[in-house]
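Please open the model in your viewer and keep the selection panel at hand.

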Amino acid sequence: MQTIPAKSKFFINNGNRFSISTDNQLWLQLWRDQRIDFHQFHVNPLLEKFWSKLDLVHNSRVFVPLCGKSLDMIWLAEQGHEVIGVELSQVAVQDFFRENGLEPIKQKQGEFMLWKSGRISILCGDYFALHKTDLGVFDSVYDRAALTALPEKIRRIYVAQLRLLVPKTVNIFLLTIEDAEENETLAESMGIGEEIRTLYEKFFEIYLTYVDSMFEPDCESLHFSKRTEYKVYRLSRK
Ligand SMILES: C[S@@+](CC[C@H](N)C(=O)[O-])C[C@H]1O[C@@H](n2cnc3c(N)ncnc32)[C@H](O)[C@@H]1O
């Protein structure tokens, strides 16, 4: 599975020596430097296409971990949802409200600063320090480039934390970008990703809703392209 931001060599080359706190410092620096290739200047098309098809509760509250300044939160609010995001960087949170012409109210909440405007709230602070009570009640989770933003070693901890935070009735809408392995057949690579299975299957039912397969240029080779799968999963607690 790709690590986002995929274009940042810094992340890839140093993949083995991550800890959560060094990772956090790197994210804060990326936002300060505005090195935010991962940010999408449009609403994610897979969210728009599949959100309503996933048996998620309408007009309910959606938790968006590692939310950045994603416009997907605006779209979710436009669908009638309340949104509760969590984001480490104050720069990201500030930019989100300013760029969308929103005037948030700020309020200290334990270790976090809660920014709120209309239907959208963002807790500014560390996802790994969250307690259930910080989030309040929510009905679904939207994960775009949250799990996949983290280095492999930290993904296990991300999922363990998710298990603590997510009640049994809550479904997770997960988007991934997965590179086909060298020896994988098309059918294999279009199934549930091995890493997703390893990370989630003990505690979650995994449903693969959609796969979009495409050939993309391989950054490591000028002459070859690699097959990349864009996948939409729904996860529900066992
Ligand atoms: C790849 S970006 C994705 C942002 C957003 N989901 C999107 O689709 O644009 C990952 C985000 O996670 C934030 N982040 C990283 N570690 C975090 C942590 N421990 N707690 C909260 N946010 C974190 C980063 O600052 C960054 O904005």
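Select helix α5 together with α2 (20-33), β2 (82-87), β4 (112-117) and β5 (120-124), since the buried residues of α5 pack against these elements; contact here requires C-beta atoms, placed from the backbone, within 7 Å of each other. Helices (H or I, at least four residues) and strands (E, at least two) are DSSP runs, numbered from the N terminus. This is a predicted model, in which local features need pLDDT of at least 70 and side-chain atom pairs count only at pLDDT 80 or more, while totals for chains, interfaces and linings use all residues. Residues are numbered from 1 along each chain as its sequence is written.

Which residues of α5 are buried? Within residues 90-99, they are Ala92, Val93 and Phe96, where buried means 20 or more other C-beta atoms within 10 Å of the residue's own, exposed 12 or fewer, and partly exposed in between. They lie on the same side of α5 because they cover an arc of only 100° around the axis, the arc being that of the directions from the helix axis to the C-beta atoms. Turn to the face directed away from this buried side, and you will find the exposed residues Arg98 and Glu99. After α5, select Gly101, whose phi is positive, near 65°.

Next, go to helix α7 (residues 152-165) and select Arg155, which is buried, with 20 other C-beta atoms within 10 Å. Leaving aside neighbours within four places in sequence, Arg155 is in contact with Leu147, Leu150 and Leu199. Arg155 and Leu199 are 44 residues apart in sequence, yet 7.8 Å apart in space, C-alpha to C-alpha.

Terms used:
Two residues are in contact if their C-beta atoms, placed from the backbone, lie within 7 Å.
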